[in-house]
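User: I've got a fold open on my screen and I'd like to talk it through with you. Could you take a look and help me with a few questions?

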Amino acid sequence: MEKAPSFAVDIMLGKLAKWLRLMGFDTFYSNTAEDDFLMDLALKERRILLTRDRILVERMGNVAYFVQNILLPEQLKEVATKFQLNEIHLSGRCSICNGILVSISKSGIEKQVPPYVFQTQEDFFQCERCGKLYWEGTHIQHIEEIISETIRSANGQNAISPEKEGE
Ligand SMILES: [Zn+2]
């Protein structure tokens, strides 16, 4: 079985880091990480360094990857395509701290979620590191939709079809 890639993401790509975590990829991100620290970490932990810094890529060689796009959806598409992330299915990770989300039973969290959520949702997940709660109906489903849309459009045509046939 092919191992899922893990990433280290530079300070300019915080949103991308968050989405990679939600997709389940082990992603280091800190908004105070210096280049040298990221380089060491990437080498030591065999992480792919995602960066918008060309100098960093030149110093690192193929351990680093230069993210060409500036906007998040395109960045996610670009990275997903480059590293074939859509073929890997993982359990999610916490967008805040990169901890793994584990399924938890509904009993015992009643006071921690809004009443409406407690009544309407059955599947809850909790970050094993920081304790943040996620639930299927809203958050995770929403994420999956966005990710699958992103991946689908990445695999499909990139031309924008004409919206108007005429006036
Ligand atoms: Zn967490």
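User: Just after H1, which residue takes a positive phi?

Analyst: Keep in mind that this is a predicted model. Helix H1 covers residues 14–22. Just after H1, a phi of about 105 degrees turns up, and the residue that takes it is Gly24.

User: How many helices and strands are there in the protein chain?

Analyst: Reading along the sequence, you get the pattern β-α-β-α-β-α-β-α-β-α-β-β-α. Counted up, the protein chain has 6 helices and 7 strands.

User: What share of the residues of the protein chain counts as buried?

Analyst: To count as buried, a residue needs 20 or more other C-beta atoms within 10 Å of its own. The protein chain has 167 residues, and the buried share of them is 26%.

User: Which residues in H1 are buried, then?

Analyst: Going by that cut-off of 20 or more C-beta atoms, H1 has several. In H1 the buried ones are Leu16, Ala17, Trp19, Leu20, Arg21 and Leu22.

User: Are H1 and H4 roughly parallel or oblique to each other?

Analyst: The axes of H1 and H4 (residues 72–82) come within 10 Å and cross at roughly 55 degrees. Roughly parallel would call for an angle under 35 degrees, and roughly perpendicular for 65 to 115. H1 and H4 are therefore oblique.

User: How do the residues of the contact of H1 with H4 divide into nonpolar, polar and charged?

Analyst: On the H1 side you have Lys15, Leu16 and Trp19, and they meet Leu72, Gln75, Leu76 and Val79 in H4. Lys counts as charged. The residues of this contact divide into 5 nonpolar, 1 polar and 1 charged.

User: Leaving aside its neighbours within four places in sequence, which residues is Glu78 in contact with?

Analyst: One place to look is Val67, 11 residues apart from Glu78 along the chain, with the two C-alpha atoms separated by 7.5 Å. With those sequence neighbours left aside, the contacts of Glu78 are Val67, Gln68 and Asn69.

User: Which residues of S3 cover its two faces?

Analyst: S3 (residues 48–51) pairs with S1 (residues 7–9) through 3 parallel bridges, and Phe7 stands opposite Ile48. S3 is also joined to S4 (residues 64–66) by 3 bridges, again running parallel, with Tyr65 as the partner of Leu50. Both faces of S3 are covered, and the buried residues are Ile48 and Leu50 on one side, Leu49 and Thr51 on the other.

How values were computed: Residues are numbered from 1 along each chain as its sequence is written. This is a predicted model: local features need pLDDT of at least 70, side-chain atom pairs count only at pLDDT 80 or more; totals for chains, interfaces and linings use all residues. Axes are lines fitted to C-alpha atoms, for helices over the stretch in contact, and angles run from 0 to 180 degrees between N-to-C directions. Helices (H or I, at least four residues) and strands (E, at least two) are DSSP runs, numbered from the N terminus. Angles under 35 degrees count as roughly parallel, over 145 as roughly antiparallel, 65 to 115 as roughly perpendicular and the rest as oblique. Two residues are in contact if their C-beta atoms, placed from the backbone, lie within 7 Å. A residue is buried if 20 or more other C-beta atoms lie within 10 Å of its own, exposed if 12 or fewer, and partly exposed in between; C-beta atoms are placed from the backbone. Two strands pair if DSSP finds at least two bridges between them.
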